[in-house]
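Please open the model in your viewer and keep the selection tool at hand.

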Amino acid sequence: MSKIIDGRRIADEIKKKLSQLARDLEEGTGIKPGLAVLRVGNDAASQLYVNMKGIQSRELGYHFEEHVFPAWTPPELLEAKIKDLNKASHIHGIILQLPIPQPLDKFYFLSLIDPAKDVDGLHPLNSGKLLQGRKGGFIPCTPLGCLELIKTVHEDLEGLNACVVGCSLLVGIPMALLLLQQKCTLSIAHSKTKNLPALCESANILVVAIGNPHFIQGDWIQKGATVIDVGINQLPSGKVVGDVDFSSAQLRAGAITPVPGGVGPMTVTSLLRNTLEAAFYYAGRPFPL
């Protein structure tokens, strides 16, 4: 049976460090890390995610505020709020909770966020820095958390075969770029990929983010591989499962993330980390993590 990568435990260890650093920053400078979330519409999942971010932010001693807009909000109002938050000295991180209702253009509003406060790492400038392998930009939270989980299994990723199943701008593409920067040999799979089982089986590290419950079967996985399951899917029964068939994958993988309790906790923790880093930057202090 494979090792279970306990995302909750790893996230809790990181949050202890973040909490202490936040206290140190406030005691030394008077600056409390501040996170603002903009939510448009009444998407139930978005509301749940924002509540979770608020609870954990406050637990670490951060200032947290949520700005909620109805689905019919004129673009000018949302734009004005982003610009106000860009100028607000008590706010160091800003996120636009996705998805947002059509016809609002998420890429336009993401581009309005000050890159130094873009703790979701989705501004074009931060995306460009990731593409170029440059330091000083924020990395999207889910891929950043996934890499942290992978490094609990592999001290050195250089030369390992990695496969990312899914090519979204939020997870798949930035995840692929991070693995390339670790000098992995990389494959990216998508809905048109042929012979996907063989491609998955070639991977020492398999990251799956497609939103399709139990899609990846255990016999697609190389024996001893590390499997990171990003999927969060709710079945008609109400059970939450990943994109990987966990029970069969456990028989072949060397290490695997559960769903829930794997990638999810690390995504929120990565957001909290980025927010604290932004506050340190604002204070003119180097970020020690």
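Select Lys-53 and show its surroundings. Apart from neighbours within four places in sequence, Lys-53 is in contact (heavy atoms within 4.5 Å) with Phe-64, Ile-95, Gln-97, Val-268 and Leu-271. Lys-53 lies in helix α2; helices here are DSSP runs of H or I with at least four residues, strands are runs of E with at least two, and both are numbered from the N terminus. Lys-53 is buried but has no salt bridge, and the nearest side chain of opposite charge, Asp-120, is 5.4 Å away. Buried means under 20% relative accessible area, exposed over 50% and partly exposed in between, with a 1.4 Å probe and protein chains only. A salt bridge puts a side-chain nitrogen of Lys or Arg within 4 Å of a carboxyl oxygen of Asp or Glu. For charge, Lys and Arg count as positive and Asp and Glu as negative, with His and the chain ends not counted.

This is a predicted model, in which local features need pLDDT of at least 70 and side-chain atom pairs pLDDT 80 or more, whereas totals for chains, interfaces and linings use all residues. Residues are numbered from 1 along each chain as its sequence is written, and side-chain values use heavy atoms, without hydrogens and water.

Next, select α1, residues 7-29. Just after the helix, Gly-30 has a positive phi of about 80 degrees. The buried residues of α1, among them Ile-10, Ile-14 and Leu-18, pack against α2 (44-59), α6 (141-150) and α10 (263-283).

Lys-15 counts as buried at 14% relative accessibility, while Asp-12 is partly exposed at 39%.

Now move to α3. Its buried residues are Leu-78, Glu-79, Ile-82, Leu-85 and Asn-86. What covers them includes β2 (34-40), β3 (63-69), β4 (93-96) and α4 (106-112). Turned away from that buried side are the exposed residues Glu-76 and Lys-87.

Finally, select Glu-79 with Lys-83. Their salt bridge has closest N and O atoms 2.9 Å apart, and the two residues sit four apart in α3, about one turn of the helix.
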